[in-house]
Amino acid sequence: SQHSQSTQSIITSLFLILTMAFLFNFAKPEPKMVKESEALKGRDDNLMDKCADKHTFLKSKTKPPFPDGTESIVFGMGCFWGAERMFW
């Protein structure tokens with residue numbers, strides 16, 4: 001029937017797309033760690049000195065020592081794509 005041919009065509013297309021995506025990723029070389037001699041230089045100054053002592057909205061401390069029971073999380077996303085905006 002017309003309906004089953006359309007469904008079969010969609011399934012075949014999805015299978016081909018997924019297979020191509022898998023093969024494309026499979027062919028990529030394994031990432032390699034940057035050599036120390038080629039790595040970007042780190043910072044000499046401490047950025048914590050430039051941060052406010054209290055959070056603008058929450059009014060909580062932003063620098064140690066923190067109260068007992070305080071939990072923290074570190075995000076390492078970089079800033080090239082502006083991904084940190086989702087946490088503003």
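At 55% relative accessibility, Lys59 counts as exposed, where exposed means over 50% relative accessible area, buried means under 20% and partly exposed lies in between, all with a 1.4 Å probe and protein chains only. The place of Lys59 is in the segment after H1, and its phi is near 65°, a positive value in a residue other than glycine.

This is a predicted model, in which local features need pLDDT of at least 70 and side-chain atom pairs count only at pLDDT 80 or more, while totals for chains, interfaces and linings use all residues. Residues are numbered from 1 along each chain as its sequence is written, and side-chain values use heavy atoms, with hydrogens and water left out.

**The chain as a whole**

The secondary structure comes to one helix and zero strands; helices (H or I, at least four residues) and strands (E, at least two) are taken as DSSP runs, numbered from the N terminus. Of the 88 residues of the chain, 2% count as buried. The accessible surface comes to about 9,300 Å², and 64% of this belongs to carbon and sulfur atoms; such areas come from the Shrake-Rupley method with a 1.4 Å probe, and for residues only the protein chains shown count as cover.

**A nonpolar patch**

Phe15, Leu16 and Met20 form a nonpolar patch on the surface, and together they have about 360 Å² of accessible area. Patches are made of residues with over 30% relative accessible area and no salt bridge, with like charges joined within 9 Å and nonpolar side chains (Val, Leu, Ile, Met, Phe, Trp, Tyr) within 5 Å. Leu16 lies in helix H1, which covers residues 2-26, and Leu16 is partly exposed because its relative accessible area is 46%.

**Salt bridges**

A search of the whole structure finds three salt bridges, a salt bridge being a side-chain nitrogen of Lys or Arg within 4 Å of a carboxyl oxygen of Asp or Glu.

| Pair | N to O distance |
|---|---|
| Asp44 and Lys41 | 3.1 Å |
| Lys50 and Asp45 | 3.0 Å |
| Asp53 and Lys63 | 3.0 Å |

Asp53 and Lys63 both lie in the segment after H1, so this pair ties together parts that are ten residues apart in sequence. Asp53 counts as exposed because its relative accessibility is 53%, whereas Lys63 counts as buried at 18%. In the pair of Asp44 and Lys41, both residues are exposed. For the remaining pair, Lys50 is exposed, with a relative accessible area of 63%, and Asp45 counts as partly exposed at 39% relative accessibility.

**Around Lys63**

Beyond its salt bridge with Asp53, the side chain of Lys63 reaches the backbone oxygen of Met48 at 3.1 Å, and a polar atom of this side chain lies 2.9 Å from the backbone oxygen of Cys51. A polar contact is a pair of N or O atoms within 3.5 Å; within protein, one must be able to donate a hydrogen and the other to accept it, and residues adjacent in sequence count only if both atoms are side-chain atoms. Leaving aside residues up to four places away in sequence, Lys63 touches Met48, Asp49, Cys51, Ala52 and Asp53, where contact means heavy atoms within 4.5 Å.

**A cis peptide bond**

Pro64 and Pro65 are joined by a cis peptide bond, with omega about 5°. The place of Pro65 is in the segment after H1, and Lys63 is likewise found in the segment after H1.
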